[in-house]
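Work through the two exercises below with the sequence and the structure side by side, and try each task before reading its solution.

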Amino acid sequence: MGNAFGMIPSLEPDEWSNDACRGYVIMAMEDCGFSKKDIRRVVGQLYDVFGLNSVEDAKEKYLSSPY
């Protein structure tokens, strides 16, 4: 049986977490040269975003975004 998520090879569903997502965001922002202040601001905002939106909301936002 394949990965139920279909997005991250070999990642089991119980391995995913909001903290893993925050880590990906931190790594990407560091790689792009964002300041520590800006990274802290975005990571802090993620707490609100995770609480107010479902995974499906986030997926739809990504799929309909220009990014």
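A residue is called buried when its relative accessible area is under 20%, exposed when it is over 50%, and partly exposed in between (1.4 Å probe, protein chains only). The model is a predicted one, in which local features need pLDDT of at least 70, side-chain atom pairs count only at pLDDT 80 or more, and totals for chains, interfaces and linings use all residues. Residues are numbered from 1 along each chain as its sequence is written, and side-chain values use heavy atoms, with hydrogens and water left out.

**Exercise 1.** Determine which residues of helix 1 are buried and which are exposed.

*Solution.* Begin with the fold: the protein has three helices and zero strands, where helices (H or I, at least four residues) and strands (E, at least two) are DSSP runs, numbered from the N terminus. In helix 1, the buried residues are Cys-21, Arg-22 and Met-29. They lie on the same side of helix 1, because they cover an arc of only 100° around the axis, the arc being that of the directions from the helix axis to the C-beta atoms. Asp-19, Glu-30 and Asp-31, on the other side of helix 1, are exposed.
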